[in-house]
Amino acid sequence: MTTQNKKRGLGRGLEAILQSPETDITSADISGNYVAGAIAQIEIDKIETNPFQPRTDFDETALNELSESIKNQGVIQPVTVRKMGYDKYQLISGERRLRASKMAGLKTIPVFIRVANDEQMLEMALIENIHRENLNAIEVAISYQRLLEECKLTQDKLSEKVGKDRSTVSNFLRLLKLPAEIQIAIRDGYITMGHARALVNIDDKARQLIILKRIIDEDLSVRQVEQLAKQKTTKKHKATLPESYKIQAETLSKALKMGVKVTRDNKGKGSLTISFKNDEEFERLLDFINKGN
């Protein structure tokens, strides 16, 4: 399956031109045509955070995970910025992505550029953009998300504006919760919307990625993926070492002045390992065992 020419900037071909002396948008800012929704690559240092951002607490573990994903896959969903003047931008949405990109060591980040007071124009451009036939499911989902976040629409209002059932809109939005690898596979045409909807129903990310590989390698149908998604995974319960074993191992370790490790499975089968550092310790261990006899 070819993946050539799969990447497309949102909004190209629209008539909502943003060129004007007030916006100071130049060819260095926007890739492609100057249209609402076009994607630019901006230096991170030129983007300031929004002082009115209500969210101040970001989970460090989640940020680290996102940072690792960005190192491997890049930024899948561009952040949105407002142009504040020549070569100056202010973040509107996507602070987690911006922070994680900084942690990943990125110098630039893909962005949607907006100018002040362009909300109505952006809404019209995005809605027109959604109705293009050649958009992939991820591009549609990102457009829906932007309408919710930036144009302050509810899902019901969004459904009404784009002429889709609320459940259809929800299904697209759920795609953005999938791991980056799966979003890329959807974007690049390796899997269909049907495959993705089946994968969304799997809670375990590792299992999602395993099935993704099978879809690509084995050319699985949507029906086959749905069946895989319904299968319950059996988790092996790790054997718990009885407290008496732990005490005895600690006592023996102190007596020998050596490392002692005890393992045991749920059926009672296990092993006792004693570590020695040199020949002298080994001889002392043998002496200890012989005395016990």
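So, where does Lys-257 lie? Keep that one in mind while I remind you that we're looking at a predicted model. Okay: Lys-257 sits in the loop that runs between helix 11, residues 243-256, and strand 6, residues 259-264. Its phi is positive, about 60°, even though this residue isn't a glycine. And is Lys-257 buried or exposed? It counts as exposed, because its relative accessibility is 68% and the cut-off for exposed is over 50%.

There's another residue like that on my list. Asp-219 isn't a glycine either, and its phi is positive too, near 55°. You'll find Asp-219 in the loop between helix 9, which is 205-218, and helix 10, which is 222-230. Asp-219 is exposed as well, with a relative accessible area of 65%.

We've got an open sheet of five strands, in the order 1-5-3-4-2, and the pairing is mixed. At the edges are strand 1 (39-43) and strand 2 (47-48), each of them pairing on one side only. Strand 2 runs parallel to strand 4, residues 88-93, and two bridges join them. If you want to click on one pair, Ile-47 has Tyr-89 in strand 4 as its bridge partner.

What packs on this sheet? Helix 2, residues 95-103, does, and it touches strand 2, strand 3 (79-85), strand 4 and strand 5 (108-114). The direction of helix 2 makes about 120° with that of strand 4. Then there's helix 4, residues 137-150, lying across strand 3, strand 4 and strand 5. Helix 4 runs at about 60° to strand 5.

Conventions: Residues are numbered from 1 along each chain as its sequence is written. This is a predicted model: local features need pLDDT of at least 70, side-chain atom pairs count only at pLDDT 80 or more; totals for chains, interfaces and linings use all residues. Side-chain values use heavy atoms; hydrogens and water are left out. Helices (H or I, at least four residues) and strands (E, at least two) are DSSP runs, numbered from the N terminus. Buried means under 20% relative accessible area, exposed over 50%, partly exposed in between (1.4 Å probe, protein chains only). Two strands pair if DSSP finds at least two bridges between them. Contact means heavy atoms within 4.5 Å. Axes are lines fitted to C-alpha atoms, for helices over the stretch in contact, and angles run from 0 to 180 degrees between N-to-C directions.
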